[in-house]
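Thank you all for coming. I would like to walk through one structure this morning, with the cut-offs stated as we go, and I will keep to what was computed from the atoms.

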Amino acid sequence: MHPAFSVVFFTTATGAGYGLLALLGVLAGQGFVPPDFWLGLVGMGLALGLISAGLLSSAGHLGRPERAWRAFSQWRSSWLSREGVASVATFVPTGLFAVGWLFLGRTNGWVAVAGLLAAVGAVATVFTTGMIYASLKPIAQWHSRFTLPGYLIFSAMSGSVLLNALLQGFALGSTIVLTGCGLLTLLGWGWKLANWRYNDRLEIPTNANTATGLAGGTVRSLEWPHTEENYLLKEMGFRIARKHNARLRQITQVLAFALPVLLLIAAFALPWPPYAAVLSALATSAQFAGMLVERWLFFAEAKHTVTLYYGR
(Lines give C-alpha, C1' and ligand atoms only; values in the text may rest on other atoms or scores of the structure.)
Protein backbone atom coordinates (compact mmCIF):
# COMPACT_ATOMS: atom_id res chain seq x y z
CA MET A 1 0.00 0.00 0.00
CA HIS A 2 1.53 3.28 -1.07
CA PRO A 3 0.60 6.58 -2.78
CA ALA A 4 0.75 6.18 -6.54
CA PHE A 5 3.89 7.73 -8.01
CA SER A 6 1.92 8.80 -11.10
CA VAL A 7 -0.18 11.21 -9.00
CA VAL A 8 2.86 12.37 -7.01
CA PHE A 9 4.72 13.15 -10.23
CA PHE A 10 1.62 14.73 -11.79
CA THR A 11 1.11 17.27 -9.00
CA THR A 12 4.83 18.09 -8.81
CA ALA A 13 5.49 18.41 -12.55
CA THR A 14 2.34 20.30 -13.47
CA GLY A 15 2.74 22.65 -10.51
CA ALA A 16 6.24 23.62 -11.66
CA GLY A 17 5.22 23.73 -15.33
CA TYR A 18 2.17 25.91 -14.80
CA GLY A 19 4.13 28.17 -12.45
CA LEU A 20 6.79 28.72 -15.10
CA LEU A 21 4.18 29.22 -17.82
CA ALA A 22 2.34 31.84 -15.77
CA LEU A 23 5.53 33.77 -15.06
CA LEU A 24 6.63 33.65 -18.70
CA GLY A 25 3.20 34.75 -19.86
CA VAL A 26 3.18 37.78 -17.56
CA LEU A 27 6.84 38.84 -17.62
CA ALA A 28 7.51 38.27 -21.33
CA GLY A 29 4.27 39.97 -22.28
CA GLN A 30 5.26 43.01 -20.21
CA GLY A 31 8.75 43.20 -21.69
CA PHE A 32 10.67 41.98 -18.63
CA VAL A 33 11.84 38.89 -20.57
CA PRO A 34 13.31 39.55 -24.04
CA PRO A 35 11.65 37.86 -27.06
CA ASP A 36 14.76 35.79 -27.80
CA PHE A 37 14.03 32.70 -29.93
CA TRP A 38 16.17 30.22 -28.01
CA LEU A 39 15.05 31.56 -24.65
CA GLY A 40 11.44 31.17 -25.73
CA LEU A 41 12.04 27.71 -27.18
CA VAL A 42 13.71 26.38 -24.04
CA GLY A 43 11.36 28.16 -21.65
CA MET A 44 8.11 27.22 -23.37
CA GLY A 45 9.43 23.75 -24.12
CA LEU A 46 10.29 23.22 -20.46
CA ALA A 47 6.93 24.50 -19.22
CA LEU A 48 4.88 22.53 -21.74
CA GLY A 49 7.10 19.48 -21.29
CA LEU A 50 6.49 19.38 -17.55
CA ILE A 51 2.77 20.01 -17.99
CA SER A 52 2.39 17.34 -20.68
CA ALA A 53 4.46 14.79 -18.75
CA GLY A 54 2.36 15.39 -15.65
CA LEU A 55 -0.94 15.11 -17.51
CA LEU A 56 0.16 11.91 -19.24
CA SER A 57 1.26 10.52 -15.88
CA SER A 58 -2.16 11.25 -14.39
CA ALA A 59 -3.87 9.52 -17.32
CA GLY A 60 -1.77 6.43 -16.67
CA HIS A 61 -3.12 6.37 -13.10
CA LEU A 62 -6.66 5.78 -14.36
CA GLY A 63 -8.04 2.27 -14.35
CA ARG A 64 -9.51 2.79 -17.83
CA PRO A 65 -7.52 5.61 -19.49
CA GLU A 66 -9.55 5.31 -22.69
CA ARG A 67 -12.55 6.65 -20.79
CA ALA A 68 -10.78 9.74 -19.50
CA TRP A 69 -12.67 11.94 -21.97
CA ARG A 70 -15.90 11.29 -20.05
CA ALA A 71 -14.61 13.25 -17.07
CA PHE A 72 -14.83 16.49 -19.08
CA SER A 73 -18.65 16.29 -19.12
CA GLN A 74 -18.96 16.62 -15.32
CA TRP A 75 -17.56 20.14 -15.03
CA ARG A 76 -20.70 21.42 -13.30
CA SER A 77 -20.10 19.33 -10.19
CA SER A 78 -16.59 17.86 -10.32
CA TRP A 79 -13.36 19.71 -9.62
CA LEU A 80 -11.51 16.93 -11.40
CA SER A 81 -13.54 17.63 -14.53
CA ARG A 82 -12.97 21.37 -14.17
CA GLU A 83 -9.25 20.70 -13.92
CA GLY A 84 -9.37 18.78 -17.19
CA VAL A 85 -11.32 21.52 -18.94
CA ALA A 86 -9.01 24.23 -17.60
CA SER A 87 -5.86 22.35 -18.60
CA VAL A 88 -7.06 21.81 -22.17
CA ALA A 89 -8.38 25.37 -22.51
CA THR A 90 -5.02 26.75 -21.34
CA PHE A 91 -3.28 25.16 -24.33
CA VAL A 92 -5.11 27.52 -26.73
CA PRO A 93 -3.66 30.87 -25.55
CA THR A 94 -0.39 29.10 -24.73
CA GLY A 95 -0.10 27.95 -28.34
CA LEU A 96 -0.78 31.45 -29.66
CA PHE A 97 1.73 32.91 -27.21
CA ALA A 98 4.38 30.40 -28.30
CA VAL A 99 3.73 31.03 -32.00
CA GLY A 100 4.03 34.80 -31.57
CA TRP A 101 7.21 34.51 -29.52
CA LEU A 102 9.01 31.82 -31.55
CA PHE A 103 7.90 32.49 -35.11
CA LEU A 104 7.12 36.20 -35.07
CA GLY A 105 9.79 37.25 -32.60
CA ARG A 106 7.49 39.41 -30.54
CA THR A 107 5.86 39.31 -27.13
CA ASN A 108 3.85 42.54 -27.33
CA GLY A 109 0.42 43.37 -28.72
CA TRP A 110 -1.87 40.39 -29.18
CA VAL A 111 0.98 38.06 -28.17
CA ALA A 112 1.10 39.78 -24.77
CA VAL A 113 -2.67 39.29 -24.43
CA ALA A 114 -2.26 35.60 -25.27
CA GLY A 115 0.50 35.38 -22.65
CA LEU A 116 -1.72 36.91 -19.98
CA LEU A 117 -4.55 34.53 -20.88
CA ALA A 118 -2.12 31.61 -20.69
CA ALA A 119 -1.05 32.80 -17.23
CA VAL A 120 -4.68 33.06 -16.12
CA GLY A 121 -5.35 29.56 -17.44
CA ALA A 122 -2.28 28.20 -15.64
CA VAL A 123 -3.36 29.70 -12.32
CA ALA A 124 -6.93 28.47 -12.84
CA THR A 125 -5.70 24.94 -13.55
CA VAL A 126 -3.56 24.85 -10.40
CA PHE A 127 -6.54 26.25 -8.48
CA THR A 128 -8.82 23.45 -9.67
CA THR A 129 -6.16 20.85 -8.86
CA GLY A 130 -5.92 22.16 -5.31
CA MET A 131 -9.71 22.18 -4.97
CA ILE A 132 -9.88 18.51 -5.91
CA TYR A 133 -8.22 17.72 -2.60
CA ALA A 134 -9.42 20.66 -0.50
CA SER A 135 -13.06 19.76 -1.27
CA LEU A 136 -12.81 16.20 0.07
CA LYS A 137 -14.49 16.35 3.48
CA PRO A 138 -13.77 12.68 4.38
CA ILE A 139 -10.02 13.49 4.43
CA ALA A 140 -9.46 15.97 7.22
CA GLN A 141 -5.77 16.52 6.39
CA TRP A 142 -6.78 17.87 2.97
CA HIS A 143 -10.05 19.57 3.85
CA SER A 144 -8.33 22.53 5.50
CA ARG A 145 -7.33 26.12 4.82
CA PHE A 146 -3.77 25.03 3.99
CA THR A 147 -4.35 22.84 0.93
CA LEU A 148 -5.46 25.24 -1.79
CA PRO A 149 -3.05 28.10 -0.95
CA GLY A 150 -0.31 25.51 -0.65
CA TYR A 151 -0.83 24.37 -4.24
CA LEU A 152 -0.68 27.95 -5.48
CA ILE A 153 2.35 28.86 -3.36
CA PHE A 154 4.32 25.76 -4.37
CA SER A 155 3.50 26.31 -8.03
CA ALA A 156 4.71 29.91 -7.90
CA MET A 157 7.76 28.86 -5.89
CA SER A 158 8.91 26.05 -8.19
CA GLY A 159 8.02 28.06 -11.30
CA SER A 160 10.08 31.03 -10.14
CA VAL A 161 13.11 28.85 -9.38
CA LEU A 162 12.80 27.34 -12.87
CA LEU A 163 12.54 30.81 -14.42
CA ASN A 164 15.60 31.97 -12.54
CA ALA A 165 17.62 28.97 -13.76
CA LEU A 166 16.42 29.65 -17.29
CA LEU A 167 17.42 33.31 -17.20
CA GLN A 168 20.75 32.55 -15.55
CA GLY A 169 21.48 29.97 -18.23
CA PHE A 170 21.06 32.65 -20.90
CA ALA A 171 23.12 35.17 -18.92
CA LEU A 172 19.99 37.22 -18.28
CA GLY A 173 19.94 36.83 -14.52
CA SER A 174 17.82 39.30 -12.61
CA THR A 175 18.32 40.31 -9.00
CA ILE A 176 14.57 40.83 -8.68
CA VAL A 177 13.80 37.30 -9.94
CA LEU A 178 16.52 35.80 -7.76
CA THR A 179 15.21 37.60 -4.69
CA GLY A 180 11.65 36.58 -5.51
CA CYS A 181 12.71 32.93 -5.74
CA GLY A 182 14.26 33.06 -2.30
CA LEU A 183 11.26 34.79 -0.73
CA LEU A 184 8.77 32.38 -2.33
CA THR A 185 10.82 29.40 -1.19
CA LEU A 186 10.87 30.74 2.37
CA LEU A 187 7.12 31.33 2.14
CA GLY A 188 6.58 27.77 0.95
CA TRP A 189 8.77 26.46 3.78
CA GLY A 190 6.83 28.37 6.39
CA TRP A 191 3.51 27.32 4.91
CA LYS A 192 4.54 23.65 4.92
CA LEU A 193 5.67 23.83 8.55
CA ALA A 194 2.36 25.42 9.53
CA ASN A 195 0.47 22.75 7.60
CA TRP A 196 2.35 19.94 9.33
CA ARG A 197 1.76 21.57 12.71
CA TYR A 198 -1.96 21.78 11.95
CA ASN A 199 -2.16 18.15 10.83
CA ASP A 200 -0.23 16.87 13.85
CA ARG A 201 -2.69 18.58 16.19
CA LEU A 202 -5.73 17.62 14.16
CA GLU A 203 -8.46 15.93 16.15
CA ILE A 204 -10.96 14.06 13.98
CA PRO A 205 -14.35 13.93 15.73
CA THR A 206 -15.50 10.93 13.72
CA ASN A 207 -15.00 7.44 15.12
CA ALA A 208 -16.40 3.97 14.49
CA ASN A 209 -19.46 4.70 16.64
CA THR A 210 -20.42 7.92 14.86
CA ALA A 211 -19.65 6.39 11.46
CA THR A 212 -22.00 3.44 12.05
CA GLY A 213 -24.55 5.34 14.11
CA LEU A 214 -24.32 2.78 16.91
CA ALA A 215 -24.26 3.75 20.59
CA GLY A 216 -24.18 2.06 23.98
CA GLY A 217 -20.67 0.66 23.64
CA THR A 218 -17.48 0.77 21.65
CA VAL A 219 -17.74 -0.34 18.04
CA ARG A 220 -14.74 -2.26 16.76
CA SER A 221 -14.02 -4.16 13.59
CA LEU A 222 -13.72 -7.95 13.82
CA GLU A 223 -12.75 -8.45 10.18
CA TRP A 224 -12.51 -6.50 6.95
CA PRO A 225 -15.67 -5.91 4.90
CA HIS A 226 -13.98 -7.68 1.98
CA THR A 227 -11.06 -10.01 1.31
CA GLU A 228 -8.84 -7.75 -0.83
CA GLU A 229 -7.48 -4.25 -0.57
CA ASN A 230 -9.50 -1.61 -2.38
CA TYR A 231 -8.60 1.72 -3.96
CA LEU A 232 -9.14 3.78 -0.82
CA LEU A 233 -6.92 1.55 1.30
CA LYS A 234 -4.15 1.71 -1.28
CA GLU A 235 -4.35 5.46 -1.89
CA MET A 236 -5.74 6.94 1.33
CA GLY A 237 -5.22 4.35 4.04
CA PHE A 238 -1.45 4.20 3.98
CA ARG A 239 0.30 3.77 7.32
CA ILE A 240 3.77 5.21 7.73
CA ALA A 241 6.01 4.68 10.73
CA ARG A 242 6.58 7.78 12.86
CA LYS A 243 10.36 7.58 12.48
CA HIS A 244 10.08 7.37 8.68
CA ASN A 245 7.59 10.23 8.68
CA ALA A 246 9.99 12.45 10.65
CA ARG A 247 12.93 11.53 8.41
CA LEU A 248 11.00 12.25 5.22
CA ARG A 249 9.91 15.62 6.59
CA GLN A 250 13.55 16.46 7.24
CA ILE A 251 14.49 15.41 3.71
CA THR A 252 11.68 17.58 2.34
CA GLN A 253 12.85 20.62 4.27
CA VAL A 254 16.46 20.18 3.17
CA LEU A 255 15.85 19.46 -0.52
CA ALA A 256 12.76 21.55 -1.27
CA PHE A 257 13.50 24.60 0.85
CA ALA A 258 16.79 24.92 2.75
CA LEU A 259 19.23 23.81 0.05
CA PRO A 260 17.58 25.86 -2.74
CA VAL A 261 17.66 28.98 -0.55
CA LEU A 262 21.36 28.47 0.19
CA LEU A 263 22.14 27.88 -3.49
CA LEU A 264 20.17 30.96 -4.49
CA ILE A 265 22.03 33.04 -1.92
CA ALA A 266 25.29 31.70 -3.34
CA ALA A 267 24.14 32.61 -6.85
CA PHE A 268 23.36 36.10 -5.59
CA ALA A 269 26.78 36.39 -3.96
CA LEU A 270 28.56 35.03 -7.06
CA PRO A 271 26.84 36.89 -9.89
CA TRP A 272 29.28 35.68 -12.59
CA PRO A 273 26.92 34.01 -15.15
CA PRO A 274 28.54 30.53 -15.31
CA TYR A 275 28.59 30.15 -11.52
CA ALA A 276 25.12 31.60 -11.08
CA ALA A 277 23.73 29.34 -13.82
CA VAL A 278 25.17 26.17 -12.26
CA LEU A 279 24.01 27.10 -8.76
CA SER A 280 20.52 27.97 -10.05
CA ALA A 281 20.28 24.67 -11.93
CA LEU A 282 21.29 22.79 -8.76
CA ALA A 283 18.64 24.69 -6.80
CA THR A 284 16.02 23.68 -9.36
CA SER A 285 17.02 20.01 -9.28
CA ALA A 286 17.11 19.86 -5.49
CA GLN A 287 13.76 21.55 -5.15
CA PHE A 288 12.06 19.28 -7.68
CA ALA A 289 13.37 16.21 -5.84
CA GLY A 290 12.27 17.67 -2.52
CA MET A 291 8.79 18.46 -3.83
CA LEU A 292 8.43 14.84 -4.98
CA VAL A 293 9.05 13.78 -1.39
CA GLU A 294 6.71 16.49 -0.09
CA ARG A 295 3.92 15.38 -2.43
CA TRP A 296 4.44 11.75 -1.44
CA LEU A 297 4.02 12.74 2.20
CA PHE A 298 0.95 14.81 1.28
CA PHE A 299 -0.76 11.63 0.11
CA ALA A 300 0.81 9.22 2.62
CA GLU A 301 -0.24 11.26 5.66
CA ALA A 302 -3.86 11.60 4.51
CA LYS A 303 -6.41 9.31 6.11
CA HIS A 304 -9.86 8.66 4.65
CA THR A 305 -12.60 8.11 7.23
CA VAL A 306 -13.49 4.85 5.47
CA THR A 307 -10.51 3.33 7.32
CA LEU A 308 -12.68 3.38 10.44
CA TYR A 309 -14.45 0.33 9.04
CA TYR A 310 -11.11 -1.48 9.05
CA GLY A 311 -10.28 -0.80 12.67
CA ARG A 312 -7.77 1.97 11.92
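Let me begin with burial: a residue is called buried when its relative accessible area is under 20%, exposed when that area is over 50%, and partly exposed in between, with a 1.4 Å probe and protein chains only. What you see is a predicted model, in which local features need pLDDT of at least 70 and side-chain atom pairs count only at pLDDT 80 or more, while totals for chains, interfaces and linings use all residues. Residues are numbered from 1 along each chain as its sequence is written, and side-chain values use heavy atoms, with hydrogens and water left out.

First, the overall picture. Helices here are DSSP runs of H or I with at least four residues, strands are runs of E with at least two, and both are numbered from the N terminus. On that basis the protein has 10 helices and 0 strands, so the pattern along the sequence reads α-α-α-α-α-α-α-α-α-α. Of the 312 residues in the protein, 45% are buried. If contact is taken as heavy atoms within 4.5 Å, then among contacts with a separation of 6 or more, 80% are between residues 24 or more positions apart.

Now to the charged pairs. Side chains of opposite charge can pair when their charged atoms come close. The criterion for a salt bridge is a side-chain nitrogen of Lys or Arg within 4 Å of a carboxyl oxygen of Asp or Glu, and a search of the whole structure with it returns 4 salt bridges. One of them joins the side chains of Lys 192 and Glu 294, at 2.7 Å from N to O.

What else does Glu 294 meet in a salt bridge? Its side chain also pairs with that of Arg 295, at 2.6 Å, N to O. Arg 295 counts as buried because its relative accessibility is 5%, and Glu 294 is buried with a relative accessible area of 1%. Through shared partners, the salt bridges join Lys 192, Glu 294 and Arg 295 into one network.

A further salt bridge is formed by Glu 301 and Arg 249, whose closest N and O atoms are 3.0 Å apart. Glu 301 lies in the segment after α10 and Arg 249 in helix α9, so this pair ties together parts that are 52 residues apart in sequence. Glu 301 counts as buried at 16% relative accessibility, and Arg 249 does so at 12%.

Those two residues bring me to the second largest pocket. Rolling a probe the size of a water molecule over the atoms shows where empty space is left. In this analysis, on a 1 Å grid over the protein atoms alone, a pocket is an open set of points where a 1.4 Å probe fits, with protein on both sides within 12 Å along at least five of seven lines, and lining residues have an atom within 4 Å of a point. The second largest pocket has a volume of about 310 Å³, where volume is the space filled by probe spheres set on the points, and grid points are joined across faces, edges and corners. It is lined by 11 residues, and those nearest its centre are Asn 199, Asp 200, Asn 245, Arg 249 and Glu 301. Helices α6 (175–200) and α9 (242–269) are the elements that give two or more residues to this lining, with α9 supplying the largest share, 3 residues.

Finally, two positions inside the helices. Thr 185 is in helix α6, and at 0% relative accessibility it counts as buried. Leaving aside neighbours within four places in sequence, Thr 185 is in contact with several residues, including Met 157, Phe 257, Leu 264 and Gln 287. Ser 158 belongs to helix α5, residues 147–169, and is buried, with a relative accessible area of 10%.
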